[in-house]
Amino acid sequence: MDGELGAFLRSRREALRPEQVGLPTNGRRRTPGLRRAELATLAQVSVEYLTRLEQGRDTRPSPGILAALAEALRLDDADRRHLQQLASVDHRRQLCAGGRPTVSRTVRPQVRTLLEALRDRPAYLTNRLGDVLAWNEPFDRLARPLGLLDGERPNLVWFLFVDERAPQHFPDWADLADQQVADLHRLRAGDPTTDAFAERLSRTVGEPFRSRWQRRPVAVRPSGVRWLRHPEVGPLRLSYETLELADDQQRLVVQQPTDPASATALDRLLGRRPGSLRSVAG
């Protein structure tokens with residue numbers, strides 16, 4: 001199986017049109033985007049070396065090679081950071097002995113205590129497949145009417161792509177879908193469980209997921225703002241902060257309202273009196 005670094009390079013090469021780098025577009029092309037030979041010329045590396053990189057047979061390019069490839073591929077800042085991260089991850093993986101990483105579904109007691117302590121803010125814990133492992137009461141009241149917590153093992157990614165209610169609830173559905181797929185790729189770490197999950201989504205959903213998985217979006221943001229159309233209280237504008245629990249490969253996400261109208265709506269949803277103690281994100 002190709003490494004993440006090689007697959008990312010190939011995806012960006014295939015997404016770059018010849019005219020974007022000043023090459024002629026006449027003639028038939030078997031593959032989309034640039035040919036390997038064209039990228040190799042632009043980056044001043046050999047075709048053989050670029051082939052090894054894309055096929056995952058070389059995962060330790062020098063910083064100079066990475067910079068040349070990033071420049072030739074016209075990568076933006078987010079893609080450049082991701083490329084550097086992939087090169088570091090592949091290098092560490094090569095140095096580490098042992099088996100493949102597993103997907104964690106165990107919640108440490110300290111994390112459960114932290115969730116329970118967040119009594120006025122919706123908060124939840126996910127693993128790298130998007131399984132929602134634990135959550136507090138405010139998140140239950142927020143997410144259950146959406147259908148997100150239906151079933152014995154709720155999964156944010158599955159709900160987003162498979163449940164027909166998701167686009168209705170999330171006005172920025174396309175951006176959120178990009179971010180979830182980017183997270184799957186970023187946290188994949190060579191784990192066949194993630195590949196199997198992605199394959200199951202591709203078979204179930206088809207193009208909306210498959211095209212994103214192949215395009216490999218880089219849209220990971222640990223904080224930001226999301227709009228939500230809630231079936232009980234109407235529009236909500238919630239900020240989110242993501243805390244990475246590196247040892248568990250889990251993420252704790254905490255949400256809070258960003259404006260007085262959203263704070264009032266969230267108060268109604270949580271059964272609090274208007275004007276009770278709360279915080280609003282700036």
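## The second largest pocket

In this predicted model, the second largest pocket has a volume of about 530 Å³. A pocket here is an open set of points on a 1 Å grid over the protein atoms alone, with protein on both sides within 12 Å along at least five of seven lines; lining residues have an atom within 4 Å of a point. Grid points are joined across faces, edges and corners, and the volume is the space filled by probe spheres set on the points, the probe being 1.4 Å. Residues are numbered from 1 along each chain as its sequence is written. Because the model is predicted, local features need pLDDT of at least 70 and side-chain atom pairs count only at pLDDT 80 or more, while totals for chains, interfaces and linings use all residues, and side-chain values use heavy atoms, with hydrogens and water left out.

The lining comprises 30 residues, and those nearest the centre of the pocket are Tyr124, Leu156, Leu176, Gln180 and Val253. By class, the lining has 17 nonpolar, 7 polar and 6 charged residues; Ala, Val, Leu, Ile, Met, Phe, Trp, Tyr, Cys and Pro count as nonpolar, Asp, Glu, Lys and Arg as charged, and the others, Gly among them, as polar. At least two lining residues come from each of strand E1 (123-127), helix H7 (137-143), helix H8 (156-162), helix H10 (173-186), strand E3 (223-230), strand E4 (234-245) and strand E5 (250-257). Helices (H or I, at least four residues) and strands (E, at least two) are DSSP runs, numbered from the N terminus.

## Strand pairing around E1

Two strands pair if DSSP finds at least two bridges between them. E1 pairs with E5 in the antiparallel sense over 5 bridges, and Tyr124 has Val253 as its bridge partner in E5. E1 also pairs antiparallel with strand E2 (residues 132-135), over 3 bridges, and Thr126 is partnered there by Val132. The hairpin of E1 and E2 has 4 residues between the strands, and Gly130 takes a positive phi near 90°.

E3 and E4 run antiparallel and are joined by 8 bridges. These strands form a hairpin with 3 residues between them, and His230 has Gly234 as its bridge partner in E4. E4 and E5 are likewise antiparallel, with 8 bridges joining them; the partner of Leu245 in E5 is Gln250.

## Nonpolar cores

A nonpolar core is a set of buried Ala, Val, Leu, Ile, Met, Phe, Trp, Tyr and Cys residues joined through side-chain atoms within 4.5 Å. The largest has 37 residues, of which Phe139, Leu160, Phe161 and Phe209 touch the most other members. Two or more of its residues come from each of H7, H8, H10, helix H11 (192-205), helix H12 (207-215), E4 and helix H13 (260-270). A second, separate core of 22 residues includes Phe8, Leu9, Val21 and Ala72.

Contact means heavy atoms within 4.5 Å. Not counting residues up to four places away in sequence, Phe209 touches Phe161, Val181, Leu184, Ala198, Leu201 and Ser202.

## The surroundings of His82

His82 is found in helix H5 (residues 77-95) and is buried, with a relative accessible area of 10%. Leaving aside neighbours within four places in sequence, His82 is in contact with Phe8, Arg186 and Val218. His82 and Arg186 are 104 residues apart along the chain, and their C-alpha atoms are separated by 8.3 Å.

Note on methods: Buried means under 20% relative accessible area, exposed over 50%, partly exposed in between (1.4 Å probe, protein chains only).
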